[in-house]
Amino acid sequence: MNETRYTADAVALDPDCYAPVDHPGLTVPEDRRCWSVSWPGYAPVEITPPELRPAALTRHVPNWVVDRAATADLVLDWEQRQADALISFDLDARGWPLHPHGRTGRTGRNLGKWGENQAADPIVVAGTSEQRWVLLITRDDIEEEAIPGGMADPGETAPATLRRELREETGVDLADQQPVILGRQVVDDWRNTDHAWVASTSALYLLPATVAAIADDDALDATWYPFGSLDQLDAAVTEAGRTLYAAHRPLLQRALEYLNQQS
Ligand code: RP5
């Protein structure tokens, strides 16, 4: 691997070394994914967008939204972040955080924070096992159908993020409802790299019937889809001329498994 591809200085000297932001990255064979497997020629694609490159970091955005550190080794509180992480992670010899699931084929960061970026994903389901619906939004960045989740604000608890994101993106206010926490997981987000990734708390809200939902904030649309199975959801999303956000499939599958156990 060409080590200079990892450094912010190299980026400043050679702006052309960036692949387009939506570059899918280097394909990582399953047997080379683990960090414990040596891969001397590994050359992940740099996907840091302009607003997160070193020059931009000195100019704007409050540091509670975005790490001002141009490189991950400059972050000072890794010990605390590791202790607070939803999913535990290690640092490499340079002091850079390593994606808990191994190599992604992408480096740099396309998320505000180095290391774990905490999110929450409220899965709102209405109806009964005979006729069940799930509330999804169309994300305004990738224009795919996704759970109406979002990043946690600093110091915000997962239940608070769940409620806030749902309200902001769909207008649905479930402040008086107790969700079932389904779990915590690394989300296979399109912005993930080897050194910055999304981990989320997913939770299930159960309603007797659908309620009015209006897209707002980061959502272009808010839609109730049939949710008897993932296949049924897929078919309905496709019929609507849309695509299901692949990273949310495991979260939705887990919700279905929970619902099927209950019925
Ligand atoms: C997904 O992106 C997470 O599961 C969550 O739904 C969302 C958080 O990012 P933003 O919507 O805040 O961009 O990966």
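Trp78 is in contact (heavy atoms within 4.5 Å) with Ala72, Phe89, Leu91, Gly95, Pro97, Trp114 and Gly115, leaving aside its neighbours within four places in sequence. Trp78 belongs to helix H3 (residues 78-84); helices (H or I, at least four residues) and strands (E, at least two) are DSSP runs, numbered from the N terminus. With a relative accessibility of 6%, Trp78 counts as buried, where buried means under 20% relative accessible area, exposed over 50% and partly exposed in between (1.4 Å probe, protein chains only).

The model is predicted: local features need pLDDT of at least 70, side-chain atom pairs count only at pLDDT 80 or more, and totals for chains, interfaces and linings use all residues. Residues are numbered from 1 along each chain as its sequence is written, and side-chain values use heavy atoms, with hydrogens and water left out.

**The chain as a whole**

Six helices and nine strands form the secondary structure of the protein chain. Of its 263 residues, 48% are buried. Among contacts with a separation of 6 or more, 70% join residues 24 or more positions apart. The chain exposes about 12,800 Å², of which carbon and sulfur atoms supply 50%; accessible areas come from the Shrake-Rupley method with a 1.4 Å probe, and for residues only the protein chains shown count as cover.

Ala196 lies in strand S8 (residues 196-207) and, at 0% relative accessibility, counts as buried. Its contacts beyond four places in sequence are Gly108, Arg109, Leu111, Lys113, Trp114, Gly115, Asn117 and Arg191.

| Pair | Apart in sequence | Apart in space, C-alpha to C-alpha |
|---|---|---|
| Ala196 and Leu98 | 98 residues | 7.9 Å |
| Trp78 and Asp90 | twelve residues | 9.6 Å |

**Helices H5 and H6**

Two packed helices are described by the angle between their axes and the distance between the axes. The axes of H5 (residues 230-239) and H6 (residues 249-262) come within 10 Å and cross at roughly 130 degrees. H5 and H6 are therefore oblique to each other, since angles under 35 degrees count as roughly parallel, over 145 as roughly antiparallel, 65 to 115 as roughly perpendicular and the rest as oblique. In this contact, Leu230, Leu233 and Asp234 of H5 meet Arg249, Leu252, Gln253 and Leu256 of H6. Four of the residues are nonpolar, one is polar and two are charged.

**Nonpolar cores**

A nonpolar core is a set of buried Ala, Val, Leu, Ile, Met, Phe, Trp, Tyr and Cys residues joined through side-chain atoms within 4.5 Å. The largest one has 19 residues, and Ile123, Val134, Leu136, Phe227, Leu233 and Leu252 have the most contacts inside it. Strand S3 (115-127), strand S4 (132-139), H5 and H6 each give two or more residues to this core, and H6 provides the largest share, five residues. Phe227 touches Val125, Arg132, Trp133, Val134, Gln232, Leu233, Leu252, Ala255, Leu256 and Leu259, not counting residues up to four places away in sequence. Another core, of 15 residues, lies apart from the largest one and includes Leu162, Leu166, Leu174 and Ala222.

**Two loop residues**

Glu143 is in the loop between S4 and strand S5 (145-146). Its phi is near 55 degrees, a positive value in a residue other than glycine, and at 53% relative accessibility Glu143 counts as exposed. Asp217, in the loop between S8 and strand S9 (219-226), has a phi near 55 degrees, likewise a positive value in a residue other than glycine. Asp217 is partly exposed, with a relative accessible area of 43%.

How values were computed. Axes are lines fitted to C-alpha atoms, for helices over the stretch in contact, and angles run from 0 to 180 degrees between N-to-C directions. Ala, Val, Leu, Ile, Met, Phe, Trp, Tyr, Cys and Pro count as nonpolar, Asp, Glu, Lys and Arg as charged, and the others, Gly among them, as polar.
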